[in-house]
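I opened this entry to record, in order, what I looked up and what I found. My starting point was the sequence and the structure shown here.

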Amino acid sequence: MSMFCNQCQETAKNTGCTINGVCGKREDTANLQDLLIFACQGLAYTAIEAGKKGLNTNRESRHIVNSLFMTITNANFDDKVIIQATRDCLIYRDNLKTKVNLSEKHDSINWSGKEDTEFYEKSKNVSTLFYDSEQDIRALKQYSLFGIKGMSAYAEHAFNLGFEEQDIYDFIQQTLVMITKPMSLNGMVDWIMRTGEYGVKVLALLDKANTSTFGNPEITKVNIGTGKNPGILVSGHDLKDLEELLIQSDGKGVDIYTHSEMLPSHAYPSLKKYKHLVANYGNAWHRQIDEFETFNGPILFTTNCLVPPRKTATYNNRVFTTGATGMPEWKYIGNKPGNGKKDFSEIIEMAKKCPAPSEIENGEIVIGFAHNQVLSLADKILEAVNSGAIKRMVVMSGCDARQKAREYYTEFAKKLPKDTVILTSGCAKYRYNKLNLGDINGIPRVLDAGQCNDSYSWALVALKLKEVLNLDDINKLPIVFNIAWYEQKAIIVHLALLNLGIKNTHIGPTLPGFMTPNVLKVVQQKFGVQTITTVEEDLKVFGIN
Ligand code: SF4
Ligand code: SF4
């Protein structure tokens with residue numbers, strides 16, 4: 001076996017990619033990502049020890065978070081950048097080692113390499129398959145690793161806005177070290193529970209960072225057509241990058257369009273005030289290989305999901321990456337030394353010379369139903385629930401991806417009775433947010449809270465409804481969870497929901513391939529987690545008909 005990766009829903013045969021990734025990740029890149037995690041483990045050992053001595057390890061913590069983010073699905077395909085991040089881990093680690101006494105002997109504390117060839121060679125021997133000889137423990141260690149990868153993505157967006165919590169960094173580092181140690185099955189199950197607890201913390205932190213920087217999202221109609229000006233298309237989740245681009249492009253005759261997960265930015269008061277943030281172009285991330293062709297102008301990726309371009313792609317010279325993302329064919333924009341800001345002038349100048357985007361659809365979609373906005377409508381919603389106008393709410397948050405099986409979610413949305421409201425977030429929404437499902441007494445039947453991290457909004461809304469309705473158990477609410485997952489951010493969101501006491505969630509289109517039958521049994525017994533079947537069956541299981 002030349003590589004092994006089983007971290008996402010599209011993993012080959014639902015067991016693991018072993019030749020090339022279904023996502024397009026090549027063997028060397030997959031192995032180098034494993035090596036980067038290994039290097040983060042050595043750095044985590046030393047950072048924990050340095051923290052005990054009162055040394056400031058913020059720089060190291062941020063580097064670990066950024067490195068883990070680089071290894072999530074569809075974030076970074078650039079070997080050079082991954083090797084550089086690994087070298088930086090070794091430099092940070094060796095610097096800290098001069099200041100602390102480490103009695104631990106794990107290989108990650110002492111291994112070093114100089115030439116790229118040494119990195120490639122070592123990378124073949126640090127796969128997650130080596131995490132434990134016992135397969136249930138190994139699966140749970142992989143589960144916790146994938147959880148902290150998702151956690152790191154959210155922590156990075158928060159620290160980009162100046163919001164950090166040391167205990168989140170500490171937990172990430174403790175998890176990296178824990179993976180190297182012998183663990184019991186019960187110890188691992190407890191660790192997974194703790195991962196969910198820190199998942200809640202990181203989601204709350206990012207929510208605070210986003211809303212205190214850009215204001216609370218408000219109900220907003222977003223154009224999905226095109227204008228006459230040239231445009232720049234922005235994808236990913238990082239609102240800070242979008243804001244910087246909006247500032248730098250203001251008054252330059254260039255319009256800014258959002259793609260995929262950046263759609264929710266239109267609802268934030270401090271972003272929607274820019275008149276040249278004009279529309280959302282296209283659909284979920286996996287449609288980019290067609291939609292980038294017709295967009296005509298430059299594209300900026302602030303985070304995943306990147307899809308390796310086809311050989312025939314005409315847009316390679318128009319795509320830029322930043323933050324944790326990378327693709328060898330595309331140009332990277334980093335922070336400027338000194339003020340740490342990013343210079344997007346090259347993208348703006350390129351846009352001016354490009355034709356306007358070609359229209360692929362037109363109309364409007366309504367967004368902005370994050371927790372603050374929904375709770376301000378709580379009276380109206382409760383009235384509709386009490387009068388029976390709303391009988392059920394279905395949380396259909398999560399991800400979208402390529403598999404045909406995901407048509408289930410469109411069919412499920414279509415077949416829901418008209419007294420049912422869909423609560424959504426993440427790019428799963430693109431499966432049904434243009435179906436014109438109507439409204440109930442003025443409340444749209446698809447309430448879109450925002451990005452995948454905004455699934456936290458639905459947990460807050462559920463907790464509030466439980467309080468107002470005076471229920472002793474959140475699971476007695478008329479809310480069911482039918483969640484689509486794809487990558488590691490969805491794993492941490494799901495663990496956070498479980499930690500908040502939400503039971504009987506349905507996840508699909510398949511259960512995670514990294515779960516062994518025993519691990520699955522534990523998750524099912526503890527939380528009633530199930531997978532989807534057919535639309536008709538699941539409507540019956542949810543008691544919706
Ligand atoms: S990220 Fe997913 S598709 Fe890509 S190699 Fe890993 S398991 Fe396979
Ligand atoms: S919802 Fe899931 S698939 Fe979509 S961008 Fe977010 S993490 Fe990726």
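I am working with a predicted model, in which local features need pLDDT of at least 70 and side-chain atom pairs count only at pLDDT 80 or more, while totals for chains, interfaces and linings use all residues. Residues are numbered from 1 along each chain as its sequence is written, and chains are lettered from A and ligands numbered from 1 in the order in which they are written.

Ligand 2. I looked up its surroundings, counting a residue as near if its C-beta atom, placed from the backbone, lies within 6 Å, and found among them Glu-261, Asn-304, Cys-305 and Lys-489. Ligand 2 lies between domain 2 (220-352) and domain 3 (368-541), because both give residues to its shell; these bounds come from an automatic or database domain assignment.

Ligand 1. I noted that 13 residues surround ligand 1, the closest being Cys-5, Cys-8, Cys-17, Gly-21 and Cys-23.

Cis bonds. Returning to Asn-304 and Cys-305, I saw that a cis peptide bond joins them, with omega about 20°. Another cis bond runs from Gly-508 to Pro-509, where omega is near 10°.

Positive phi. Asn-14, which is not a glycine, has a positive phi near 55°, and Asn-470 has one near 60°. Asn-14 counts as partly exposed because it has 15 C-beta neighbours inside 10 Å, whereas Asn-470, with 6, counts as exposed; the cut-offs, with C-beta atoms placed from the backbone, are 20 or more others within 10 Å for buried, 12 or fewer for exposed, and partly exposed in between.
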